[in-house]
Amino acid sequence: MPETRGQFSSKLGFILAAAGSAVGLGNVVAFPVMASKNGGAAFLIIYLFFIAFICYPVMMAEIAMGRRTNRNPVGAFSQLSSDHRGWRLAGKLAIITPFMIAVFYTVITVWLVVYMKEIATGGLEMLSSESAFGDIVARPTLFVYLLGLLCVIFCILLGGVKNGIERLARVLMPTLAVMLVSLTLFVLTLDNAVAGIRYYLVPDFSRMDLSVVNGALSQAFFSLSLGMGILITYGSYFSRGDNIPQSTRMVAIADTSIAFFAGLLILPAIFAFDPNTNTDDLSTSSVGLIFSFLPQIFLSMQAAVGYVGASIVAFVFFSLVFFAALTSLVSIIEIPISCWIDELKLSRKRAVLFQAVLLTLFAIPAIVSLGISDFFTNFTSYGGVTKSFFDLVSDVFYETILPFVGFTVCIFCAYRWKMSGLSSELTRGDSDYAGSRLEAYVNFSLSSVIPLVLLLVFISTVIQIYFP
Ligand code: PHE
């Protein structure tokens, strides 16, 4: 007997799971630093503008495609295009992209686990030394952590949509919010914390230029998990009668609020560490910041709360980042799994096992790319720099391809599925949508401005990374 397809138990279940996917390293680390480097509240205003006017319509379009077809991205593109070969290819791109992002996100999550273990066993001071990160990513014991993490993730995914993904989000998302608020309140009691808030929230429009605007849009797009096939797949698990425009708004608000709060935590912590910090010197790379810089900041708190106290704060922070990463990782690994279930007609169990083998095969070269294997460490070179296998995957799939997938979604909805199809799906569960101003805006923007902007972002990223 064929298995019935998974479904979220309710609208809240969908919102929590989609927010679990959206809230990730991008929110808790990259956003705060990007905002403070690029004009504080001025950056925030542009970011909010992009969330509302560019990302929100694309988000609804992705969810609607999934819900209409009840399929994964390949299935959704092919069903809505009556099996058109070219569009099927676009669907495949929306499977390969999350597949490869999962590879490198898994490696980062493994590092997070190692950091948590080191902090819990008294190693905060060691982690704050300059060579710590380089040493840790070259340790062969990483494989043990990798296997452990993969077992946990695939057990969750074996549980399916309701009992696996949704249940995880129901537990971890509220926990994450409580941890974030408690840590923020603690950090705000430190000396000089106010300087960080000032830096974060006072608008400075003189910093605005095209690259900042480009960065804000890429960050907004990435943060909402757009262009990764995730929302198409989650849409396919979303009940027919539920309201897409409203639920999408809730996810966007939750995601943006967590990013905003993370700024109220990270910047005061940085300024308490060094009141003369120049945020221009901070790396926007999440990896550099989390693993090299933040341990020093936590260690400096020992003056106020002692070594054990500082270690507890650091541990809570790393757990928070780990929870954010875990829910994102689970969401992204589900995409190929749903494709194996729908297209290869595998049972969930077999699909999960198949994906576990594939992911392990790709994660191994990625994890040995930072020193363990010379071949994968100096894998290739472009843009004038030698790149590891890990860098290659991150540059191509994480940094570059998302706006392009977003572009294909817009063009597909506007010119192949047609706006009438999209509108009828969005009207299901929201009878006010038809004829609303929102509908008029979505129809206009998805067929013109938004794909154009996404194409420009894609081209400019390609130039920046590969032909600097
Ligand atoms: N929105 C996620 C983030 O901010 C992006 C992401 C989702 C990355 C799923 C990987 C997997 O980090």
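Predicted model: local features only at pLDDT ≥ 70, side-chain atom pairs only at ≥ 80, totals over all residues.
User: Which helix holds K418, and what is the phi of K418?
Analyst: K418 lies in α18, the helix of residues 389-427. Most residues other than glycine have a negative phi. K418 has a positive value although it is not glycine. The helix is α18, and phi is near 80 degrees.

User: Where is S82 found, and is S82 buried or exposed?
Analyst: S82 sits in the loop that runs between α4 (73-80) and α5 (85-120). Its phi is also positive, near 50 degrees, in a residue other than glycine. The relative accessible area of S82 is 62%. Exposed means over 50%, so S82 counts as exposed.

User: How many disulfides does the structure hold?
Analyst: C410 is in no disulfide, as the nearest cysteine sulfur, in C413, is 7.3 Å away. C410 is also buried, with a relative accessibility of 0%. For the structure, the count of disulfides is zero.

User: How many helices and strands does the protein chain have, and what is its radius of gyration?
Analyst: The secondary structure comes to 20 helices and two strands. For 468 residues the globule rule gives 23 Å, and the chain is close to this, so it is as compact as a globular protein of that length. Its C-alpha atoms fill a box of roughly 65 × 50 × 45 Å along the principal axes. The radius of gyration is 22 Å.

User: What share of the contacts in the protein chain with a separation of 6 or more joins residues 24 or more positions apart?
Analyst: Of the 468 residues in the chain, 58% are buried. Contacts with a separation of 6 or more are the ones considered here. Among these, the share from residues 24 or more positions apart is 81%.

User: How far apart are the centres of the positive and negative side chains?
Analyst: The protein chain has 27 positive side chains and 27 negative ones.

Terms used
Residues numbered from 1 in each chain as written. Heavy atoms only, no water. Helix = DSSP H or I, 4+ residues; strand = E, 2+ residues; numbered from the N terminus. Rg over C-alpha atoms; globule rule 2.2 N^0.38 Å. Buried < 20%, exposed > 50% of the residue type's maximum accessible area, 1.4 Å probe, protein only. Contact = heavy atoms within 4.5 Å. Lys, Arg positive; Asp, Glu negative; His and termini not counted. Charge placed at Lys NZ, Arg CZ, Asp CG, Glu CD. Disulfide = S-S within 2.5 Å.
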